[in-house]
Amino acid sequence: MNVLVLNSGSSSLKFQLIATDLDRILKNEDQRLCRGVIERIGGEAIITAAIGQQPRTVFTAPLANLPAALDFLIRWIVSEESSISDIQSASDIHAVGHRVVHGGEKFSESAVITDEVLKDIEACIDLAPLHNPANVKCIQAVRKLLGPKLPQVAVFDTAFHHALPEHAYLYAVPYHLYRRHHIRRYGFHGTSHRYVAYRYRFLNHLTREKTHVITLHLGNGCSAAAIRNGYPVDTSMGMTPLEGLVMGTRSGDVDPAVVNLIATKEGLSTQEVESLLNTQSGLLGISGLTNDMRVLQQELKEHDDRRVRLAIDVFCYRAKKYIGSYLACMGGADALVFTGGIGENSPDIRKQICEGLDWFGLRLDEEKNAQAIGKEERITTDDSKLHAFVIPTDEELLIARDTVRCVLGEPHPS
Ligand code: ADP
């Protein structure tokens with residue numbers, strides 16, 4: 001089954017075409033036919049694409065909106081120019097899997113998109129006004145372009161965290177606010193946490209019930225999840241992706257009283273303060289330089305900039321603090337799992353986060369840590385009580401696999 005995986009944002013569309021089926025999933029032999037991203041939709045869009053394992057190419061096209069971008073993408077996929085093996089026409093795309101950000105309290109797993117499911121996704125727009133509208137538009141555009149018979153599946157960022165216990169997801173605000181407005185913690189990056197927890201148990205020959213890990217997704221967005229018996233018992237993002245760890249441009253946890261204070265002192269509306277906490281804070285806000293960890297590390301090496309050091313220190317300290325609290329909440333764990341652009345590629349950040357965790361029995365193997373860049377690896381010594389792993393995430397693969405399983409009506413094992 002050729003599955004087109006789509007991740008739509010307000011002005012971008014990430015895509016992958018993956019050939020997979022139940023047999024390939026079992027053998028881990030899914031095949032990536034192409035991948036890429038269309039950015040700056042609304043003007044002269046930039047398309048970055050790669051076929052199979054070939055190097056990526058970059059080109060531009062005027063694309064006014066998401067339906068135009070999608071139309072362009074399908075034409076490109078079936079064109080002779082892309083020459084993707086097995087794809088001659090749009091009918092060779094057998095299903096579409098969408099990353100949908102918010103599934104609210106409704107969705108505990110991925111779902112085939114029916115009219116009713118689409119309505120339920122629309123109903124979640126209130127909870128994720130920045131993200132869900134693009135997902136809905138994308139689903140509708142696919143229907144229009146490829147016909148209503150083509151199966152489409154929604155894979156929710158929140159679904160994995162559906163298992164959170166009440167005491168972990170409730171905020172200590174008047175209970176009627178939860179009842180009236182569904183104000184609670186939902187958690188995000190669920191597909192990533194679920195994928196790396198699955199890979200961890202696969203690599204260590206464990207059952208789901210024996211999987212006790214803390215997963216740290218450290219990318220531009222960052223979140224942690226405490227996973228006990230294979231399911232999350234806590235996670236760091238909340239009602240929106242703003243809560244929790246320090247991120248590229250998001251503050252993570254702050255005292256909610258600062259919102260009003262900043263608004264008053266800076267003459268901003270509360271919406272503007274929320275936007276400042278989402279887009280001007282985190283690594284960017286503290287360093288005053290960039291949200292890009294690679295650039296910060298380079299700057300630190302070359303100029304030993306104090307605010308850059310501070311940004312990295314606050315980032316690592318917050319992550320460590322969450323690890324400590326999760327170890328307490330979940331009664332201990334067997335391993336930490338690092339993933340995301342920073343977690344997968346930066347030995348220095350992993351080392352700084354792990355420093356001082358020897359009390360919990362974590363002993364970093366410095367050599368293994370230095371070598372574990374973008375690949376699956378244990379980075380602790382054999383005698384560690386608390387291990388650490390690097391496991392690159394692959395949300396698109398999980399979306400493709402869920403799509404196949406949903407379309408065939410199979411249960412979701414991972
Ligand atoms: P997104 O959340 O947008 O998917 P990624 O998971 O790609 O983001 O992570 C982006 C972050 O990963 C950036 O801060 C980038 O600097 C960082 N990163 C990527 N490679 C490295 C590296 N080799 N060393 C340190 N940081 C890295």
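In the predicted model, strands β12 and β14 pair in the parallel sense, with 4 bridges between them. Within this pairing, Phe-338 has Val-390 of β14 as its bridge partner. Both strands belong to an open sheet of 6 strands, ordered β11-β10-β9-β12-β14-β13, in which the pairing is mixed. The edges of the sheet are formed by β11 (231–235) and β13 (377–378), each of which pairs on one side only.

Two helices pack on this sheet. Helix α12 touches β9, β10, β11 and β12, and its direction makes about 160 degrees with that of β9. Helix α14 is in contact with β9, β12 and β14, at about 150 degrees to the direction of β12.

The largest nonpolar core comprises 42 residues, and the most contacts inside it are made by Ile-214, Leu-218, Phe-315, Leu-336 and Phe-338. Two or more residues each are supplied by strands β9 (213–218), β10 (222–228), β12 (335–339) and β14 (387–390), and by helices α11 (293–303), α12 (306–329) and α14 (347–354). The greatest contribution to this core is that of α12, with 10 residues. Phe-315 touches Leu-218, Cys-222, Val-246, Leu-283, Met-293, Ile-342 and Ile-349, when residues up to four places away in sequence are not counted.

The ligand is surrounded by 13 residues, of which Asn-220, Asp-292, Met-293, Arg-294 and Gly-341 are the closest. Met-293 is also among the residues touched by Phe-315. For Asn-220, a polar backbone atom is 3.0 Å from an oxygen atom of the ligand. A polar backbone atom of Arg-294 is likewise 3.0 Å from a ligand oxygen atom. For Gly-341, a backbone N or O atom lies 2.8 Å from an oxygen atom of the ligand.

A further open sheet consists of 8 strands in the order β5-β4-β3-β2-β1-β6-β8-β7, again with mixed pairing. Its edge strands are β5 (57–62) and β7 (111–112), and each of these pairs on one side only. Strand β7 runs antiparallel to β8 (residues 152–156) and is joined to that strand by 2 bridges. Val-112 has Val-153 of β8 as its bridge partner. Helix α4 (residues 132–146) lies across β1 (2–8), β2 (13–19), β6 (95–100) and β8, and runs at about 170 degrees to β6.

Val-259 is located in helix α8 (residues 257–266). Beyond its neighbours within four places in sequence, Val-259 is in contact with Thr-270, Val-273 and Leu-277. The C-alpha atoms of Val-259 and Asn-28 are 47 Å apart in space, and the two residues are separated by 231 residues in sequence.

Terms used
Residues are numbered from 1 along each chain as its sequence is written. This is a predicted model: local features need pLDDT of at least 70, side-chain atom pairs count only at pLDDT 80 or more; totals for chains, interfaces and linings use all residues. Side-chain values use heavy atoms; hydrogens and water are left out. A nonpolar core is a set of buried Ala, Val, Leu, Ile, Met, Phe, Trp, Tyr and Cys residues joined through side-chain atoms within 4.5 Å. Buried means under 20% relative accessible area, exposed over 50%, partly exposed in between (1.4 Å probe, protein chains only). Contact means heavy atoms within 4.5 Å. Two strands pair if DSSP finds at least two bridges between them. Axes are lines fitted to C-alpha atoms, for helices over the stretch in contact, and angles run from 0 to 180 degrees between N-to-C directions. A residue is near a molecule or strand if one of its heavy atoms lies within 4 Å of it. A polar contact is a pair of N or O atoms within 3.5 Å; within protein, one must be able to donate a hydrogen and the other to accept it, and residues adjacent in sequence count only if both atoms are side-chain atoms.
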